[in-house]
Amino acid sequence: MTELFPPPSVSITRLQTQGEFEFLCALMSVELTPERRVRISNWNLLALDWGEVLRLAEYHGILPLAARNLIELGRGFSPEVERSLRSAYEANLRRSLWFAAELARIMQHFERRQLRAVPYKGPVLAQSLYHDLGLRSFSDLDFLISPADFERAKQALAEIGYRPSGEVNPPIESPAAERLWLRTGYERSFDSADGNNLVELQWALLPHFYAVDLRVQDLMARAGKTVVGEREVPCLSAEDSLLVLCLHAGKHLWTRLIWLSDIAETLRSYSGTQTIDYSLVFSRARSLGIARILGVSFWLVKNLLRAGIPESAEEMIAADRRVPALGSIFAARLARGATYNFESTEYFRLILKLRERQGDRLRYVWRLVWTPGAGDVAAVRLPDAFFPLYRVVRIGRLMRKLV
């Protein structure tokens, strides 16, 4: 989505920015409960910088949801702000409807080629959690596929006008480089005449070096069905969806509110007749060594968004004394809009702190040091026969970052 609002001026104080951020947290719910309405109505709306409210909402990916809720509440802002809100929601709805139609077209073509794929995030989340394609912003379509099906899926996309992108992932120009990327990476982006990076094929949830061995094949085997744009499509089970959303937010160190919103809406959506088997979720999380990542996610949902979490999630937070301390760190950074360099030692150290088992931390460090990636291939071009030497390239590049 293009930026609708300019960056804040230097005159905006930290106190004002925190106020706008907290106001957005109060707005973040598909269903505005009476308690949440009271909280918003008691806000000093005259003290808010509405340009900053809108800028932050767009940055955090929650502008359509905030716009709908503000329009529904209908007070405290100017006609110009209201026009901006309505325009933002309508623009996102149009784009989301295009993506929903494109999702149906791609899935239909995959089915003709007898190719199994499970769409997730994007329109699937917008429909199943937000119940309105216009309420959640997204910029691409994500498909989980088996690693063995990558070549067939790439060919199927080529048949309907999609080509591998060279913008996000460096061009992979040889069979050896392709094999390396399939072994150590997790996704490839695809462009079409309609834009760049519109489709992602994912054969893993994270790069190999994160040492979280959650197999896509297992997720696909447990997949169910949902409806997007009047078409039935595969979807992750409720338990796997919660795991994946927490893992995705943790990978990005919870730097955008939309990822917390997705987790909160998952917990809310499955609190009635449809339920999540939390004992199964936590059992899988402990088996994968990501219980702390789930704990921090739930802590942030509870303490930043003030959303309800199940009793079993409270128990998970209480079981790990480091969860509140880490949650406070990430909440403070999120509130001030801090970002991370995802190639920095600071980022790698924080990811280490999020793993509760010593063995997983050691595997993470070992794989991080020893696993070449697309960046290493892009930095130094070696003939296929010398591909094992990319481990040396990897170590050399890491050493330069540490010096």
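**Close-up views of helices and salt bridges**

**View 1. The two sides of helix α12 in the predicted model**. Ser 279 and Ser 287 are exposed on one side of α12, opposite the buried residues of this helix, which spans residues 278-288. The buried residues are Tyr 278, Val 281, Phe 282, Arg 284, Ala 285 and Leu 288. They lie on the same side of α12 because they cover an arc of only 160° around the axis. An arginine, Arg 284, is included in this buried group.

**View 2. The cover over helix α12 and the residue that follows the helix**. Among the elements that cover the buried residues of α12 are α10 (238-251) and α17 (358-370). The cover also includes α11, α13 and α14. Just after α12, Gly 289 has a positive phi of about 75°.

**View 3. Salt bridge between Glu 265 and Arg 268 in helix α11**. The side chains of Glu 265 and Arg 268 meet with an N to O distance of 2.6 Å. Both residues belong to α11 (residues 257-269), where they are three residues apart, so about one helical turn separates them. Glu 265 is buried, because its relative accessibility of 2% is under the 20% cut-off. Arg 268, with a relative accessible area of 23%, is partly exposed.

**View 4. Salt bridge between Glu 314 and Lys 302**. The closest N and O atoms of this pair are 3.1 Å apart. Glu 314 is in helix α14 (residues 311-319) and Lys 302 in helix α13 (residues 291-303), so the pair links distant parts of the chain, 12 residues apart. Glu 314 is partly exposed at 31% relative accessibility, and Lys 302 is partly exposed at 34%. Helices α13 and α14 are also among the elements that cover the buried residues of α12.

**View 5. Salt bridge between Glu 159 and Arg 113**. Here the side chains meet at 2.9 Å, N to O. Glu 159 is partly exposed, with a relative accessibility of 38%. Arg 113 is partly exposed as well, with a relative accessible area of 39%.

**View 6. A network of salt bridges**. The model has a count of 24 salt bridges.

**View 7. Packing of helix α3 against helix α4**. Two packed helices are described by the angle between their axes and the distance between the axes. For α3 (residues 50-59) and α4 (residues 63-73), the angle is about 135° and the axes are 7 Å apart. The two helices are therefore oblique to each other. In the contact, Trp 50, Leu 54, Ala 57 and Glu 58 of α3 meet Leu 63, Ala 66 and Leu 70 of α4. Six of the residues in this contact are nonpolar, none is polar and one is charged.

**View 8. Leu 63 and Tyr 89**. Leu 63 is in helix α4 and is buried, at 2% relative accessibility. The C-alpha atoms of Leu 63 and Tyr 89 are separated by 7.5 Å, while the two residues are 26 residues apart along the chain. Leu 63 is also one of the α4 residues that meet α3.

Note on methods. Residues numbered from 1 in each chain as written. Predicted model: local features only at pLDDT ≥ 70, side-chain atom pairs only at ≥ 80, totals over all residues. Heavy atoms only, no water. Salt bridge = Lys/Arg side-chain N within 4 Å of Asp/Glu carboxyl O. Buried < 20%, exposed > 50% of the residue type's maximum accessible area, 1.4 Å probe, protein only. Helix = DSSP H or I, 4+ residues; strand = E, 2+ residues; numbered from the N terminus. Arc of directions from axis to C-beta. Contact = heavy atoms within 4.5 Å. Axes fitted to C-alpha atoms, helices over the stretch in contact; angles between N-to-C directions. Parallel < 35°, antiparallel > 145°, perpendicular 65-115°, else oblique. Nonpolar A, V, L, I, M, F, W, Y, C, P; charged D, E, K, R; others polar.
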